[in-house]
Amino acid sequence: MKGLSSAARARIEATLGKMFDNIAYDLLGYIPGPGKRIIFSAKKPSYSLLNLFLESLGNRPPSDSERDYAKSLVQNAANYVTSLRDRTKASVSEAVESYIQDQSSKGKKASAAMINDIVMRELNKARSRLQMIAEAEGTKVRNGAVSAEIERVSKGLGIQDPSVYFVVIKDNKTCKYCLKNHFLNDRVTPKVMKLSEVKKTYLTTQERKDGLCSIAGQHPHCRCSMVFLAPGFGFENGVMKWIGYGHDEYARQKMMS
Amino acid sequence: MGNVDYKKKYMELRSVLMNVIDQVYRAGYQQGSKDAQVDSLMQQNQQLMAQMSGMMGGMMGGEPRVEEEGGPMAPEDQAGQFMDSAADAHEQQGTSELEQGIAELESELSKKEADKEHTANLLAAINRSLGKLKEAQELKKSAAHIKKMREANKRVQTLSIGYKHNLSKTHKKAVNKQQEIVEKILKKWESESQDAATEILGIVQKEGKAE
């Protein structure tokens with residue numbers, strides 16, 4: 001059973017590591033690793049999660065606490081990317097080595113086309129996971145920035161626990177949980193909740209079934225956006241509008257249910 | 001029984017089939033032009049909405065809803081429904097007549113040996129006609145599916161009102177940026193993964209493990 005040498009295996013892993021570093025730099029704005037720091041800059045790369053955070057803040061300079069929050073969000077995304085990188089390294093080298101050993105036990109040489117297929121198959125699996133990470137972490141960063149902005153605005157208005165709701169991005173694949181948990185039963189009026197009720201982490205299946213909401217959305221590919229509902233505002237046919245002084249949409253919806 | 005004019009019978013059945021196909025075609029054409037009218041009306045409506053929201057100067061809320069749900073059926077929809085049911089009836093009639101004709105022919109075929117070849121040709125022709133009629137029925141089914149898709153699209157538009165009116169420009173820009181980030185990352189992944197695969201193959205070949 002002759003497989004790859006340890007040096008060849010290390011070179012394969014280094015190749016994949018380099019590839020993930022390039023991807024991570026574009027997505028996160030830095031290359032994760034020991035001693036690496038997240039530098040808060042609106043410059044290059046211009047399409048990173050850090051830039052998305054600033055864009056969601058309305059491109060205003062973030063406060064110190066907002067910077068820390070953004071860094072923690074990006075660090076979380078970096079952990080997911082690092083974990084995917086290590087997993088991909090293991091799965092690619094294992095798949096290639098197992099094929100080479102299999103061919104060698106039959107007294108044959110491995111085919112180049114087959115090795116290419118094996119590598120691409122493993123990389124395609126990693127691609128769909130990377131897409132999920134980019135989409136889900138993007139939603140979390142975007143809504144995280146919005147929640148920071150809502151906290152800042154509501155503090156200025158003297159509101160301790162502001163009301164929020166989710167705007168559902170519609171396409172033909174909108175999930176049932178987005179409809180159920182972000183709308184009232186009429187499926188037109190957004191469901192209003194307090195910011196403290198919105199979770200800051202991913203929802204479990206049970207939490208989703210229980211009707212909870214999160215800044216990360218309802219599911220990994222969720223693109224719903226959290227929005228602040230100022231006092232006195234409510235909804236008419238799903239459109240936010242001024243109702244009158246003293247109107248509390250959250251209380252109204254609670255009374256109805 | 002011997003005096004049955006199969007050719008005449010075949011011609012009659014064929015004319016019924018032609019009528020049905022004509023009806024279905026016209027129904028489809030009218031549905032198409034009706035859709036075009038509805039689309040242009042919706043476009044006008046959207047333009048009007050955009051103008052109104054511009055006049056509101058970024059104020060929140062207050063815009064009228066684009067869609068009204070559960071209202072009375074529009075006259076053209078009623079006409080469309082009538083056309084559909086008429087086409088249905090004709091189709092059903094055509095099918096049953098054809099099937100009856102085939103049954104008669106089959107019984108003749110078993111009795112008369114002399115005209116067997118002639119009758120068999122007629123039978124094949126009628127079978128072909130029946131196939132075409134069934135194709136027309138399939139087309140109708142497809143039209144029904146399209147209708148359902150349109151209804152689903154209407155529902156999406158109704159729910160998209162929240163996105164149009166409740167989301168600020170900043171939010172919309174952020175949503176777009178998020179999508180662009182994902183697209184750019186995936187595009188980069190495509191080129192990087194190709195390079196990595198080539199490099200890995202090179203490493204294996206250098207080891208002398210692959211052809």
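Predicted model: local features only at pLDDT ≥ 70, side-chain atom pairs only at ≥ 80, totals over all residues.

Colleague: What makes strand 1 and strand 2 of chain A a pair?

Modeller: Pairing takes at least two bridges between the strands. Strand 1 (residues 163–167) and strand 2 of chain A are joined by 2 bridges and run antiparallel, so they count as paired.

Colleague: And in what order do the 3 strands of that open sheet in chain A come?

Modeller: The order is 2-1-3, with antiparallel pairing.

Colleague: Why is one side of strand 2 and of strand 3 left without a neighbour in the sheet?

Modeller: Strand 2 (193–194) and strand 3 (225–229) of chain A are at the edges, and each has a single partner strand, so one side of each has no neighbour there.

Colleague: What lies across strand 1 and strand 3 of chain A?

Modeller: That's helix 4 (residues 112–157) of chain A, and it runs at about 10° to strand 3.

Colleague: What does "contact" between the chains rest on, and how many residues does it take from each?

Modeller: Two residues are in contact if their C-beta atoms lie within 7 Å. The contact takes 54 residues from chain A and 44 from chain B.

Colleague: Which helix of chain B gives the most to the side that touches chain A?

Modeller: Helix 5 of chain B does, with 25 residues. By class, that side of chain B has 20 nonpolar, 12 polar and 12 charged residues.

Notes: Residues numbered from 1 in each chain as written. Chains lettered and ligands numbered in written order. Helix = DSSP H or I, 4+ residues; strand = E, 2+ residues; numbered from the N terminus. Axes fitted to C-alpha atoms, helices over the stretch in contact; angles between N-to-C directions. Nonpolar A, V, L, I, M, F, W, Y, C, P; charged D, E, K, R; others polar.
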